[in-house]
Amino acid sequence: MGHWIDVMRAIKNADVILLILDARMPELSRNKDLEKKLKESGKEFLAVFNKIDLVSEETLNKLKKENPSAFFVSVVSKKGFAQMIHQCCLIAVLNRLICRFVRKHMPVPRAGFLLFFLNFLEIKN
């Protein structure tokens with residue numbers, strides 16, 4: 001049970017959490033305990049289906065339909081990898097900006113702070 005302390009610390013400190021799944025067997029490669037901890041933490045995570053070069057086009061299309069917000073990559077052929085890295089970097093930067101803004105302007109976070117923050121950014125630009 002001691003490893004969960006390290007896992008929760010990593011989740012807390014992460015800007016972006018990627019849940020890597022094998023496209024050939026997504027259900028078998030899922031870690032239900034980890035997904036439960038992520039949901040309990042309130043942190044969002046991105047599903048990444050790896051090894052898309054090893055599944056049929058039909059299987060890939062089915063996965064994409066069932067998981068529209070997920071990334072689909074092949075680390076070996078680098079397919080989809082650049083897009084995933086780009087999106088993760090954007091999320092990390094936005095997360096840090098939001099945290100700085102909240103600490104500076106809203107000592108007690110309230111519902112809707114993200115919308116307020118995004119509106120604030122539009123006004124400043």
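This is a predicted model: local features need pLDDT of at least 70, side-chain atom pairs count only at pLDDT 80 or more; totals for chains, interfaces and linings use all residues.

Colleague: Okay, D22. What is D22 in contact with, leaving aside its neighbours within four places in sequence?
Modeller: S29, N50 and K51. D22 itself sits in strand β1, residues 18–22. Helices (H or I, at least four residues) and strands (E, at least two) are DSSP runs, numbered from the N terminus.

Colleague: Is D22 buried or exposed?
Modeller: Buried, because its relative accessibility is 10%. The cut-offs: buried is under 20% relative accessible area, exposed is over 50%, and partly exposed is in between (1.4 Å probe, protein chains only).

Colleague: Switching to the fold. How many helices and strands are there?
Modeller: 6 helices and 3 strands. Along the sequence the pattern reads α-β-α-α-β-α-β-α-α. The protein has 125 residues, and 27% of them are buried.

Colleague: What happens at the start of helix α3?
Modeller: A side-chain oxygen of N31 comes to within 3.1 Å of the backbone nitrogen of D33. The helix covers residues 32–41. That is a polar contact: N or O atoms within 3.5 Å, one able to donate a hydrogen and the other to accept it within protein, with residues adjacent in sequence counting only if both atoms are side-chain atoms.

Colleague: And where is N31 found?
Modeller: In the loop between α2 (26–29) and α3. N31 is partly exposed, at 35% relative accessible area.

Colleague: What follows α3?
Modeller: G42, with a positive phi near 85°.

Colleague: New topic. How many aromatic pairs does the structure hold?
Modeller: 1. F49 and F72 are stacked, 5.2 Å centre to centre with 10° between the planes. Rings of Phe, Tyr and Trp (its six-membered ring) pair if their centres lie within 6.5 Å; planes under 30 degrees apart are stacked, over 60 edge-to-face, the rest tilted.

Colleague: Which parts does that pair tie together?
Modeller: F49 is in strand β2 (residues 46–50) and F72 in strand β3 (residues 71–72), so the pair links parts 23 residues apart in sequence. F49 is buried at 1% relative accessibility. F72 is buried too, at 13%.

How values were computed: Residues are numbered from 1 along each chain as its sequence is written. Side-chain values use heavy atoms; hydrogens and water are left out. Contact means heavy atoms within 4.5 Å.
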